[in-house]
Amino acid sequence: THDPLPAPLPEPLPALPLDRPAGCPFDPPAELGPLRDQRPLTRLTYPDGHVGWLVTGYAATRAVLADRRFSSRYELAHFPLPGLEEFDELPPATVGDMTGMDAPEHTRFRRLLAGRFTVRRMRLLTERVEQVTAEHLDAMAAHGPEVDLVGAFAHPVPAVMICELLGVPYADRDRFQGRAATVMDVTATVEDRGTAMTELAGYLAELVAAKRAEPTDDLLSDLTPSDLTDEELAGVGSFLLQAGLDTTANMIALGTFALLGDPGQRAALHADPARAVEELLRHLTIAHTGLRAAVADVELDGQLIRAGESVTISVQAANRDPRRFADPDRLDLTRDATGHLSFGHGIHQCLGQQLARVELRVALPALFARFPTLRLAVPPGDVPVRPGHQNIHGVDRLPVTWDQD
Ligand code: HEM
């Protein structure tokens, strides 16, 4: 008898699939499912010609995110998204951008901040989230149909909350909102992103100086006695502001869009908002793709990832892995979706996740309770869905209407 011949190695995937299916902005790109089911870890050709890896399976994704041999430093990674050649050389993380740091540099920031974002502290904010939510729903009702739900509700509620937490005056929003959006926009030029980042840090630097002179009751003031330099404090402040602005807003807007198309799920949202929100987070996976680079040789799934090779993580594919979640493509707000990777995993797991949870658990049920006849004001296909290569998936506008009583 002969040993069976080893199966030929599959050709590297020529490009990362990015486009969500036409007409269904809630599902991952169609190519990812079959790929994950056959090759949960596969080779990928990057736009600059580098041949690295793509992880789509749940178990492999968790393993990569938990393993310090995969660095988060941007400058070590090749950029996987096609059509954005400007990113062929990624600059290192700007001061205070924790997602682009490795331990021990990362640990220093994380230790200072972790205690500020605990479950307990964030639960204490629930009442304030309820107030801010109610104020915005009142304003929507007073305005009357129709409104853009992003501008009227999904964006301002988390924005007010992150501003209050940090001690950034929401009234200054003209100075930070547009710039924070540019920083996150992968279609903006590297130059424009850099300028926006510098200006945002400049604004935060002014605030930090003011807090040093006259501390107030907020996170930025509380950190002024830490060993962070002014530049680091302004940097981490602008990073937190940015992280708190775009993410939860897109979850509220895209979550509402999904529920408007699937009214049967509403009862489950009201019955157990906490459970429902985890399922929406899993199903929609708005932070869909992660970037890492191996800094040592690592054996994973029977394959050898060599030091220096980039690893792209498709969190949206991992969260739909049938080996982890039964009937994964079904949105089912009654399922137990815990274990999803929408907030990441490992040392970089989202610092703001408890805040985001409180906001989502309050905002979504309150919206549907207040406007039981809420519906899209345009055909679903006319909602401006973000293109697949944006960092954070979502909608930039959601025109809605309702029956006035
Ligand atoms: C990190 C998702 C809301 C602050 C992350 C990561 C993900 C994520 C996937 C890990 C990135 C990586 O591994 O490289 C989300 C989602 C949100 C959300 C889906 C909303 C639903 C927030 C909010 C804040 C925040 C409201 C506000 C403080 C952060 C910070 C990090 C982070 C500071 C970096 C943590 C570190 O590197 O140690 N987030 N996030 N996030 N998030 Fe969030």
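Colleague: What is the strand order in the open sheet of three strands?
Modeller: The order is E4-E10-E9, with antiparallel pairing. Strands here are DSSP runs of E of at least two residues, and helices are runs of H or I of at least four, both numbered from the N terminus. Two strands pair if DSSP finds at least two bridges between them. This is a predicted model, in which local features need pLDDT of at least 70 and side-chain atom pairs count only at pLDDT 80 or more, while totals for chains, interfaces and linings use all residues. Residues are numbered from 1 along each chain as its sequence is written.

Colleague: Which strands stand at the edges?
Modeller: Strand E4 (147-148) and strand E9 (375-376) do; each has a single partner strand, so one side of each is left without a neighbour in the sheet.

Colleague: And how many bridges join E4 to E10?
Modeller: Two, and E4 runs antiparallel to E10 (residues 399-401). Valine 147 has valine 400 of E10 as its bridge partner.

Colleague: What is the order in the open sheet of five strands?
Modeller: That sheet reads E1-E2-E8-E5-E3, and its pairing is mixed. Its edge strands, E1 (41-45) and E3 (70-71), each pair on one side only. Strands E5 (residues 289-294) and E8 (residues 310-314) run antiparallel and are joined by five bridges, with arginine 292 partnered by valine 311 in E8.

Colleague: Which strands does helix H2 lie across?
Modeller: Helix H2 (residues 58-66) lies across E1, E2 (51-55), E3, E5 and E8, at about 130° to E8. Such angles run from 0 to 180 degrees between N-to-C directions, with axes fitted to C-alpha atoms, for helices over the stretch in contact. Contact requires C-beta atoms, placed from the backbone, within 7 Å.

Colleague: Turning to the ligand, which residues come nearest?
Modeller: Of the 23 residues around the ligand, those are Ala243, Thr247, Gly344, Cys350 and Gly352. A residue is near if its C-beta atom, placed from the backbone, lies within 6 Å. Helices H11 (230-260) and H15 (353-370) are the elements that give two or more residues to this shell, and H11 gives the most, with six.

Colleague: And which residues touch the most other members in the largest nonpolar core?
Modeller: Ile162, Met251, Ala253 and Val311 do, in a core of 101 residues. H11 supplies its largest share, 15 residues. Such a core joins buried Ala, Val, Leu, Ile, Met, Phe, Trp, Tyr and Cys residues through C-beta atoms within 7 Å; buried means 20 or more other C-beta atoms within 10 Å of a residue's own, all placed from the backbone.

Colleague: What does isoleucine 162 touch?
Modeller: Leaving aside residues up to four places away in sequence, isoleucine 162 touches Leu240, Leu241, Gly244 and Leu245.

Note on methods: Buried ≥ 20, exposed ≤ 12 C-beta atoms within 10 Å, placed from the backbone. Contact = placed C-beta atoms within 7 Å.
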